[in-house]
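Work through the exercises below with the model open. Try each task before reading its solution.

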Amino acid sequence: MTPSTALVLVVFGRGVRCADDRYTLTPASIARVRAAADYVAAHESHFLRSAARGPSPRIVLAGGWAEACEGATPPPAGSREGDLMLREARAAGLDRYAELRVETRSRSTLENLVHTVEEGLLAGWDFDARRPLGIVSHAWHLPRIRFLAGKVLGLRGSALVEVPATGGEPPGGERSERAARIAARLAFLGVGDAPALVRRERAMVAALRRAERWVRRDRGTGLPLGG
């Protein structure tokens with residue numbers, strides 16, 4: 001059965017770059033905004049009809065700065081992932097079809113969803129199989145988004161429509177994503193409320209960072225790992 005058209009989309013950021021004090025989106029982030037634009041174009045009549053009759057379609061551009069977990073200085077106001085994706089979305093003409101909103105505090109996929117809810121960016125919409133929520137990212141990332149949307153939003157199955165992006169990704173992203181997906185399922189086992197999920201994730205990330213430092217240290221000394 002053909003899934004219903006998602007008239008609300010959440011587009012997940014994939015990083016920013018800084019060169020000569022100028023912040024720009026990574027090619028992967030641009031690809032995700034373009035995937036949202038392609039989806040709207042493919043369902044243009046649905047978006048126009050809903051915009052005319054209500055409720056107005058909505059696109060949330062979600063992303064703060066992923067490197068925050070590593071202690072990186074946040075980009076200045078107006079230069080976080082969500083801000084830059086908003087500019088890209090306007091350049092693609094998406095503001096003609098939907099309300100554009102941004103979430104710029106997040107440091108991870110989980111926080112994308114948590115802050116989107118906390119800031120009321122989905123307010124006024126209820127999602128189910130007839131009115132699903134669209135999730136926009138690369139195909140290898142979408143399974144983890146589905147899992148986290150179930151935890152944060154209580155949405156599963158046909159209440160979510162996947163909008164896969166293509167292009168812009170460096171090699172290796174899919175392998176690291178599989179590890180992140182497994183870690184999330186283990187870390188969030190039995191946890192349902194948003195604050196606890198965020199605490200668990202931050203503890204998990206801190207543990208992973210310590211392990212990475214130990215590995216680098218052991219490699220630097222030439223000692224066998226764990227020795």
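**Exercise 1: H1 against H3**

The axes of helix H1 (residues 27-42) and helix H3 (residues 81-91) come within 10 Å and cross at roughly 45 degrees. This is a predicted model, in which local features need pLDDT of at least 70 and side-chain atom pairs count only at pLDDT 80 or more, while totals for chains, interfaces and linings use all residues. Residues are numbered from 1 along each chain as its sequence is written, and side-chain values use heavy atoms, with hydrogens and water left out.

Task: classify the crossing of H1 and H3, then list the residues of the contact.

Solution.
- Angle class: the angle makes H1 oblique to H3. Under 35 degrees counts as roughly parallel, over 145 as roughly antiparallel, 65 to 115 as roughly perpendicular and the rest as oblique.
- Handedness: H1 and H3 cross in a right-handed sense, that is, the near helix is turned clockwise from the far one by less than a right angle.
- Residues: H1 supplies Ser 29, Ile 30, Val 33 and Arg 34, and H3 supplies Met 85, Glu 88 and Ala 89. Contact means heavy atoms within 4.5 Å.
- Classes: four of the residues in the contact of H1 with H3 are nonpolar, one is polar and two are charged.

**Exercise 2: Arg 34**

Task: is Arg 34 buried or exposed?

Solution.
- Location: Arg 34 lies in helix H1.
- Accessibility: Arg 34 has 53% relative accessibility, so this residue counts as exposed. Exposed means over 50% relative accessible area, buried under 20%, partly exposed in between (1.4 Å probe, protein chains only).
- Chain separation: Arg 34 and Ala 165 are 131 residues apart along the chain, yet 7.6 Å separates their C-alpha atoms.

**Exercise 3: H4 against H5**

Task: repeat the analysis for helix H4 (residues 109-118) and helix H5 (residues 142-152).

Solution.
- Geometry: the axes of H4 and H5 come within 10 Å and cross at roughly 40 degrees. H4 and H5 are therefore oblique to each other.
- Handedness: the crossing of H4 and H5 is right-handed.
- Residues: Thr 109, Leu 110, Leu 113, Val 114 and Val 117 of H4 meet Arg 144, Ile 145, Leu 148, Ala 149 and Val 152 of H5.
- Classes: the contact of H4 with H5 has eight nonpolar residues, one polar and one charged.

**Exercise 4: The core**

Task: which residues touch the most other members of the largest nonpolar core?

Solution.
- Residues: Leu 9, Val 11, Ile 59, Leu 61, Leu 94, Leu 133 and Phe 188 do, in a core of 57 residues.
- Source: H1 gives the largest share of this core, six residues.
- Leu 61: not counting residues up to four places away in sequence, Leu 61 touches residues including Val 11, Met 85 and Ala 89.

How values were computed. Axes fitted to C-alpha atoms, helices over the stretch in contact; angles between N-to-C directions. Helix = DSSP H or I, 4+ residues; strand = E, 2+ residues; numbered from the N terminus. Nonpolar A, V, L, I, M, F, W, Y, C, P; charged D, E, K, R; others polar. Core = buried A, V, L, I, M, F, W, Y, C linked by side-chain atoms within 4.5 Å.
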